[in-house]
Amino acid sequence: MAACALVVEIPVLHKAKRKELRRIREGRPEVCEKIVCQHHESIYRFLVYLTDGDSLAEDLTQETFASAWASISHYKGRASLKTWLHRIAYRKFIDSKRSLQRHTVVIDRLKQESAASVDIVNPLHRLMSDEHLRLLYEAMYKLQTSEYIVIVLHYIQGLSYREMAQVLDESVETTKWRTSRAPKKLKTFLTGRI
Amino acid sequence: MADEQGAEKIKDIFNRKDITVAENQEHKWATLKSLEAHLRRLAEIEVPETLKAKLFAAIPDEQPKAGPKHCVRWWPGAWGFGATAAAILVLALILVTNYGTSGPSRKLIADINDKPSYYTLADQNNTSVGDGEPCGLQRPIVNLNEPAFRY
């Protein structure tokens, strides 16, 4: 658990990398531990921003890693593990959003009940205590969903254009264009506040 | 529209002489560079310990079954074996049809040419027509007394 130093990202299939890829595909517990160690924070953070700090982020993070273990033998190494996991997480979020839309009435009632009984801590609350970050997050929230995701992936998660394109299943050009447009729009919302 | 309003407000702030340090700081942070820096600060989210424990506990002890990539690997060998076997079979068939049965069949054809299955009466009687050449092929005469022609 403590040994997080090993880099398990495999963008190019050199001989050594191929060996590493084989180890990942075998799904050995020690390799899985390293993957969790390296990527759990990033995946959780991504899902927190997608779900607006909802407790659903925790469930989706668990589901993401469960799916990853189930299909680790299919991992081809074309994308880095980080991108691969982000892609799974994004799919999980889309699926959950669809099912939430289907069961909106039931979910709303459950939320009201749970809010009354359990005090759920939003992981974004701590950040929102900073005035600038709160304003920034509010401005981000005004963006379109596609722009919001691009901001999260590029500026918060640190993914490259190519990696983002792989996660969102888009062309690199589209992602680049959206990434260049989103901060300008964000700035517009922010300067509008002054 | 919002952009224009924002720009106007920023201009107003710049033109004011009595701009306070706080206000100056406030509009400065909205530049693109500082925006990126602030966005990076949004990455500071802590993962709950319970979630960490759950994730580590969910790591499978057993190795997963080999995916189709592993299973498919024997297919090239099977394809190669199949193709080789088919090629050998075709070659064998060609050899058999060309050489295996060629001797007897040629012989048979030669036999037919040498000894036709039907003879003219003139051939049978060892007679000749005109200049003494056998006339079997020129004037075939069917012997109607043969059993095949009785019906």
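A contact, in this talk, means heavy atoms within 4.5 Å.

Ground rules. This is a predicted model, with local features needing pLDDT of at least 70 and side-chain atom pairs counting only at pLDDT 80 or more, while totals for chains, interfaces and linings use all residues. Residues are numbered from 1 along each chain as its sequence is written, chains are lettered from A and ligands numbered from 1 in the order in which they are written, and side-chain values use heavy atoms, with hydrogens and water left out.

Chain A first. It has 10 helices and zero strands. Helices here are DSSP runs of H or I, at least four residues; strands are E runs, at least two; both are numbered from the N terminus. Of the contacts in chain A with a separation of 6 or more, 68% are between residues 24 or more positions apart. Buried residues make up 45% of its 194 residues. Buried means under 20% relative accessible area, exposed over 50%, and partly exposed in between, with a 1.4 Å probe and protein chains only.

Now chain B. Eight helices, zero strands. Buried residues are 16% of 151.

Next, the largest nonpolar core. The term covers buried Ala, Val, Leu, Ile, Met, Phe, Trp, Tyr and Cys residues joined through side-chain atoms within 4.5 Å. This core has 63 residues, and A:Ile35, A:Trp69, B:Leu39 and B:Leu42 are among those with the most contacts inside it. Helix α2 of chain A, residues 29–50, gives the most, with 12 residues. A:Met140 is also on the most-contacts list. What does A:Met140 touch, leaving out residues up to four places away in sequence? Its partners include A:Tyr148, A:Leu186, B:Leu39 and B:Leu42.

On to the second largest pocket. A pocket is an open set of points on a 1 Å grid over the protein atoms alone, where a 1.4 Å probe fits, with protein on both sides within 12 Å along at least five of seven lines; lining residues have an atom within 4 Å of a point. There are 14 of them here, with A:Tyr75, A:Arg78, A:Ala79, A:Trp84 and A:Arg87 nearest the centre. Two elements of chain A give two or more residues each: α4 (81–102) and α9 (161–168). The largest share, three residues, comes from α4(A).

Last, one residue on that helix. A:Lys97 sits in α4 of chain A. A:Thr51 is 46 residues away from A:Lys97 in sequence, yet 9.1 Å away in space, C-alpha to C-alpha.
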